[in-house]
Amino acid sequence: MTEEAGPIEGDPQGSAVLDPREVLAAWANANDEWVRAVVRRVLSSGRALPDDELDWAYALFRQEKGLDERTLPVEPDLAVEATEEDAELPLAVTKLSEVTGINAIVPGSVIEPHAGMTILFGENGTGKTGYSRIFKALAGSRTADTILGNIAVTEEVAQTAKVGYTVGPDAKTLSWSGEQGVAPFTRMSIFDSPAVNFHVDDDLEYVYVPTVLALFNHVNIALKGVHDRVDVAIRDLGAGSTTLLSRFPRESTIYALVETLGASTDLAALDARAERGSDVDHRVDVLRRAVAALEADTLDAQISERQRSERVLRQAAAAAATLEGLNVEELSSLSARLTELQQDYRTFRSDLFAAADLPADPEETWDDFVTSGDAYRSHLEALGVHDSGRCLYCRQPLSDSAQALVAKYSEYLTDRISLDIASVEENIGGLTAPILAVALPDVAAFVDEHEGREDKPSAYANVAAIRATVALVTTAIRSGESIDDSAVANVPAIGAELTVSLTATADDITELKMQSANRSDALRDKRRELAELTAAGELGKSWPTIQAQVERAKEADKLRVLGAKFTALGRSVTELAKVASDQLINQNFDRLFAEECKALRAPELKVEFVGRQGRAQRRKMLGGRHKPSKVLSEGEQKVLALADFLAEARLAGITAPVIFDDPVSSLDHRRINEVARRIASLADDNQVIVFTHDIFFAATLLSLFETSRRCTYFQITDEDGKGKVTRASGPRWDTLGNLKTSINKTVEAARAVDGEARAALVREGYDWIRSWCEVFTETELLAGVSQRYQPNIRMTTLSNIKAGALPTASEVVTRVFEDACRFIPGHSQPLPTLGVSPTLTGLEAHWQELQDARKAYLDAAA
């Protein structure tokens with residue numbers, strides 16, 4: 001497609017249009033040297049720059065900015081002479097065949113489009129959409145969608161088609177396999193109902209862009225390519241060494257300086273801290289040994305051991321103090337008194353119940369029984385229901401002897417001896433409770449650990465003696481035995497010695513902690529000294545790496561500053577592209593769109609031209625702010641979309657087929673006629689293919705080509721499967737042949753049944769006969785002079801009417817037609833005739849009469 005640079009046709013000012021090449025060259029000459037190099041190569045090739053040339057442009061960019069040594073030659077200023085674009089050879093589709101796997105289309109059909117107008121007519125659901133989808137896929141149409149196979153079958157069939165076409169004088173064939181956007185078919189222009197919204201409401205980008213305008217996009221892509229390389233370089237430069245930081249001790253002050261190496265790093269100050277002497281390694285080794293010696297110190301272990309001894313001595317001293325507080329003499333006296341009282345109690349109990357005829361001597365179980373009975377008696381008394389004359393449990397009256405025994409029970413429970421025993425036991429518990437509460441876990445572990453060893457600690461004997469004394473006294477207390485004074489005689493002395501040992505151990509701990517603190521300070525100082533010396537030595541060894549990393553960071557910073565300017569560069573190219581686009585596209589489109597709107601009687605509106613990133617776009621508004629779809633009717637939107645579509649197609653200079661898929665749906669008859677005339681005029685010089693189900697539109701198109709004959713008509717049906725294509729002379733309606741077939745089949749079916757079923761079939765037969773009468777009259781009696789769906793009277797066939805035979809044939813046809821009208825449900829009948837039903841015999845007779853009348857008319861002389 002070509003668009004010659006120069007004054008725009010129809011420009012009211014007649015202003016000259018600058019060649020975009022000259023505009024680009026002037027812009028490049030005002031920019032950097034590397035930019036001129038990019039524009040020079042785009043202008044010379046007319047294409048986007050490949051990667052190797054982008055690499056070259058980036059190398060020039062680096063050298064020009066002083067990042068690398070200059071080795072490339074200087075780029076001179078650009079001087080461009082305007083040139084014309086090469087015209088594209090015309091494309092035409094000559095044949096579409098061998099279609100498989102497209103919707104439910106049956107294979108075998110062939111479409112051979114005319115070089116002018118091709119009409120493909122078919123009712124809804126006959127399969128014509130499948131063929132239009134093939135063209136949309138080939139063209140990469142805006143509204144192309146995914147093509148499905150036959151969803152009614154499980155077997156998947158590959159999508160294929162063979163397309164014959166010509167490009168200029170060359171005939172070619174394409175074996176298509178479902179691809180979208182196949183060159184050179186992407187040059188085809190396609191309009192369908194889904195495209196209406198695109199052409200009416202959307203900010204629509206032009207399908208056609210003159211090659212010269214594509215240069216701006218190529219330059220922008222090249223600028224982005226160089227910018228991308230700048231970003232990659234910045235990312236690579238920022239990577240640095242992955243192992244450098246790990247070489248430095250984290251606790252050194254140099255670590256933070258290495259961690260933050262960057263463009264702002266003071267290399268001189270950092271270099272001053274480097275150690276490069278030959279004895280650095282030796283000095284580091286000496287410090288490491290000193291640190292190891294300090295780290296191996298046993299003070300912490302000694303402190304832990306002393307603290308354990310302190311816990312043992314504290315437990316033992318506390319136990320000694322508890323033992324020392326025990327009054328052995330008083331405990332022995334109370335124990336003896338308890339023994340005496342217990343013996344008196346047993347004697348009292350035996351004497352008291354000697355004559356009670358008890359089954360066994362009184363003992364603890366019996367005592368529990370008596371005590372429980374007394375508790376139950378107290379409970380009953382509290383409730384006010386106790387009867388002293390009855391047994392507490394069985395409620396039988398008590399005999400005199402039984403009452404005497406109960407009295408003895410009461411006496412037993414209230415005797416003084418029991419009270420004395422309880423008092424003595426309470427006093428003994430008060431004396432022994434502290435002893436029984438003594439717990440010696442640390443003492444027990446200490447004694448068990450050192451018991452079999454020869455190198456026992458100095459306090460071992462005292463600790464073990466206290467443990468043994470506590471065990472002895474505790475055992476005696478629990479068994480009720482007396483405690484010998486000699487067993488606790490040494491406890492005060494041992495306790496005093498334990499207290500002395502405890503004090504000494506606490507003093508040792510304090511001293512050891514002071515020593516440990518001093519040693520920790522020394523260890524901390526030596527570790528810090530070791531870290532700083534190690535880091536300084538590593539600084540000297542790694543200096544080349546550090547210096548290179550800082551230089552890379554400085555280069556990355558410089559690239560960031562330079563990279564920030566690319567946005568302004570790209571924006572300036574976009575602005576240039578907008579100006580050139582407005583001159584080369586928008587102004588011409590505005591004129592063409594106005595012409596198409598006038599031809600199609602489309603609503604007048606304002607076209608706004610918008611664009612982003614150098615892309616030309618157009619927007620339509622009504623009243624300055626309303627989208628057309630919010631105001632216009634569906635039909636008005638359709639013709640407006642057609643005007644936009646045709647203006648865009650003409651803008652490019654049409655050199656490929658223009659395809660319309662049902663372009664007149666939603667249009668009234670007047671607009672259908674206007675659209676038909678506009679599409680027909682387009683076919684005078686271009687290949688046009690129209691898919692339609694509108695019979696009036698198809699008939700109108702055909703009538704417009706009666707003289708030129710630059711038209712081919714195809715009928716698409718589903719009689720033998722979806723998408724069956726046959727070449728025809730015009731839209732198909734009822735013919736005598738297919739009506740004859742329908743009548744004969746109905747008669748045969750009626751013969752095979754009876755009753756209501758036969759009556760229904762006979763009425764259906766008369767319905768077919770009525771249609772046959774109409775078609776016979778239209779096509780043969782009147783020789784097709786006036787036919788349905790045809791906009792004109794065919795005066796050329798008037799002489800074919802057989803006037804002599806016409807009355808006889810007309811009489812038969814009229815009579816049978818009127819009889820048929822009486823029998824079909826579509827016509828109301830007077831009451832007397834409603835009960836008269838048609839017969840199969842009558843139907844057959846009428847049908848025979850019609851066939852005989854037709855034969856006689858056809859055989860008659862003109």
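**Exercise 1.** In this predicted model, work out how helix α24 and helix α25 are oriented to each other.

*Solution.* 
Step 1. Locate the two helices: α24 covers residues 755–781 and α25 covers residues 806–823.
Step 2. Take the geometry of the pair. The axes come within 9 Å and cross at roughly 150°.
Step 3. Apply the cut-off: angles over 145 degrees count as roughly antiparallel. The helices α24 and α25 are therefore roughly antiparallel to each other.

**Exercise 2.** State which residues make the contact between α24 and α25, and sort the contact by class.

*Solution.* 
Step 1. On the α24 side, the contact is made by Arg 763, Tyr 766, Ile 769, Arg 770, Cys 773, Glu 774, Phe 776, Thr 777 and Leu 781.
Step 2. On the α25 side, the residues are Leu 806, Ala 809, Ser 810, Val 813, Val 816, Phe 817, Ala 820, Cys 821 and Phe 823.
Step 3. Sorted by class, the contact of α24 with α25 holds 13 nonpolar, 2 polar and 3 charged residues.

**Exercise 3.** Repeat the analysis for helix α1 and helix α2.

*Solution.* 
Step 1. Helix α1 spans residues 20–29, and helix α2 spans residues 33–45.
Step 2. Their axes lie 8 Å apart, at an angle of about 160°.
Step 3. With the cut-off of over 145 degrees, α1 and α2 are therefore roughly antiparallel to each other.
Step 4. α1 passes α2 in a left-handed crossing.
Step 5. Arg 21, Leu 24, Trp 27, Ala 28 and Asn 29 of α1 meet Val 35, Arg 36, Val 39 and Leu 43 of α2.
Step 6. By class, the contact of α1 with α2 has 6 nonpolar, 1 polar and 2 charged residues.

**Exercise 4.** Describe the protein chain as a whole, using its helices and strands, its buried residues and its contacts.

*Solution.* 
Step 1. The protein chain has 27 helices and 12 strands.
Step 2. Of its 862 residues, 42% are buried.
Step 3. Consider contacts between residues at least 6 apart in sequence: 75% of these join residues at least 24 apart.

**Exercise 5.** Find where pLDDT is lowest and highest among the elements of the protein chain, and decide how to read residues 1–17.

*Solution.* 
Step 1. The chain averages a pLDDT of 81, and 85% of the residues score at least 70.
Step 2. Helix α26 (residues 831–834) has the lowest mean among the elements, 51, while strand β3 (residues 160–167) has the highest, 95.
Step 3. Over residues 1–17 pLDDT stays under 50, although the model has 35 contacts beyond four places in sequence for this stretch.
Step 4. Where pLDDT is low, predicted coordinates should not be read in detail.

Notes:
Residues numbered from 1 in each chain as written. Predicted model: local features only at pLDDT ≥ 70, side-chain atom pairs only at ≥ 80, totals over all residues. Heavy atoms only, no water. Axes fitted to C-alpha atoms, helices over the stretch in contact; angles between N-to-C directions. Helix = DSSP H or I, 4+ residues; strand = E, 2+ residues; numbered from the N terminus. Parallel < 35°, antiparallel > 145°, perpendicular 65-115°, else oblique. Contact = heavy atoms within 4.5 Å. Nonpolar A, V, L, I, M, F, W, Y, C, P; charged D, E, K, R; others polar. pLDDT = per-residue confidence, 0-100. Left-handed = near helix turned anticlockwise from the far one by under 90°. Buried < 20%, exposed > 50% of the residue type's maximum accessible area, 1.4 Å probe, protein only.
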